[in-house]
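Thanks for coming, everyone. Please look at the sequence and the model on the screen while I talk.

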Amino acid sequence: LLAMMAVRHGATKVITCEEVPMIAAKATEIIKANGMAEQIQLINKLSTHLEVGKDFPERADILVTEIFDDGLLGERAFLAIEHAIKHLLKPNAQLIPAGVRVTAVCIESKEIYANHRVDEAAGFDVSAFNQLRVDNYIGYHLSKMNYRALSAPKSVFTFDFKKIPGNESIPIEFEGIEAGQCHAIAYWFELQLDATTTVSTAPHLPNLSCWRQAVQILEIPQDIVKGRRVAMTAHHDAEGIWFTP
């Protein structure tokens, strides 16, 4: 789709890649059916396996990518973009998107917490199953869930894709706006496509996108007091974002 949109808007030569053979085959068929086989070359590989001079003749002027999951980095976007800058793109090539901002909030949701934690069933203690819990994020459309935001949204990370940092851990403070029990940290992102255009995965937007908000459930819920700040640490590596008390 992105390759065909690029041609629609004037690109004369587009290289696109797809790892899964059956999807690559169907995508090639679709490109041909839409009359763009001359302009688009589809390669059945991961982008990190592409080689200039072998798969295509010269470095590219523009990178257009959408390999972002609900938690932003789960599809290894950082690794793919860094590889493209080093090996596939011309100097000063345009990146679309060019960067991203991550925002987080403390939420209270007995519904979400109960979906992933258990104490008893049919009168039996089955809490040992909690050792098998998911510790990273789960995707939710928060607008479909019963929850309360207990803190003001907090800008956590801002990334320039031309200068992707190494692993980071930074102290942050959430400002309590409601009293309650924080069961989880929910976060979303805003992609900066160019100087004036953004795409957001924030909750309660008019149209739900395929992206949901990332929700990391805390091992032990934390009490939030209105008017007080809650200290936590935000972390990221090349493949994920997470929070610790």
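First, a term. A salt bridge here is a side-chain nitrogen of Lys or Arg within 4 Å of a carboxyl oxygen of Asp or Glu. Next, the ground rules. This is a predicted model, where local features need pLDDT of at least 70 and side-chain atom pairs count only at pLDDT 80 or more, while totals for chains, interfaces and linings use all residues. Residues are numbered from 1 along each chain as its sequence is written, and side-chain values use heavy atoms, with hydrogens and water left out.

Two more terms. Helices (H or I, at least four residues) and strands (E, at least two) are DSSP runs, numbered from the N terminus. Buried means under 20% relative accessible area, exposed means over 50%, and partly exposed is in between, with a 1.4 Å probe and protein chains only.

Now the salt bridges. Side chains of opposite charge can pair when their charged atoms come close. How many salt bridges does a search of the whole structure find? Ten.

Start with K90 and E58. Their side chains meet in a salt bridge at 3.9 Å, N to O. K90 sits in strand 4 and E58 in the loop between strand 2 and strand 3, so this pair ties together parts 32 residues apart in sequence. E58 is exposed, at 51% relative accessible area. K90 is partly exposed, at 30%.

K90 has another partner. It forms a salt bridge with D61, with the closest N and O atoms 3.1 Å apart. D61 lies in strand 3 and K90 in strand 4, so here the parts tied together are 29 residues apart in sequence. Through shared partners, E58, D61 and K90 join into one network.

Is D55 buried or exposed? Buried, with a relative accessible area of 14%. K45 is partly exposed, at 25%.

On to the aromatics. Rings of Phe, Tyr and Trp (its six-membered ring) pair if their centres lie within 6.5 Å; planes under 30 degrees apart count as stacked, over 60 as edge-to-face, and the rest as tilted. The whole structure has eight aromatic pairs. One is Y137 with Y187, edge-to-face, 6.2 Å centre to centre and 85° between the planes. Y137 is in the loop between strand 7 (124-125) and strand 8 (138-140), and Y187 is in strand 12 (residues 180-192), so the pair ties together parts 50 residues apart in sequence. Both are buried: Y137 at 18% relative accessibility, Y187 at 1%.

Then F157 and F159. Their ring centres are 5.5 Å apart and their planes are at 20°, so this pair is stacked. F157 is buried at 4%, and F159 is buried at 3%. Which residues form one aromatic cluster? F68, F78, F157, F159, F161, F189 and W211.

F78 brings us to helix 3. In that helix, A77, F78, A80, I81, H83 and A84 are buried. An α-helix has 3.6 residues a turn, so residues three or four places apart point the same way. The cover over the buried residues of helix 3 includes strand 3, strand 4, strand 10 (154-160) and strand 15 (229-236). Contact there means heavy atoms within 4.5 Å.

Now the backbone. The peptide bond from I96 to P97 is cis, with omega near 0°. P97 is in the loop between strand 4 (89-96) and strand 5 (99-108). R76 has phi near 65°, a positive value in a residue other than glycine. R76 sits in the loop between strand 3 (60-64) and helix 3 (77-87). It is partly exposed, at 46%. H204 also is not a glycine, and its phi is positive, about 65°. H204 is in the loop between strand 13 (198-200) and strand 14 (213-224). Just after helix 2, G35 takes a positive phi of about 70°.

That is my tour. Questions, please.
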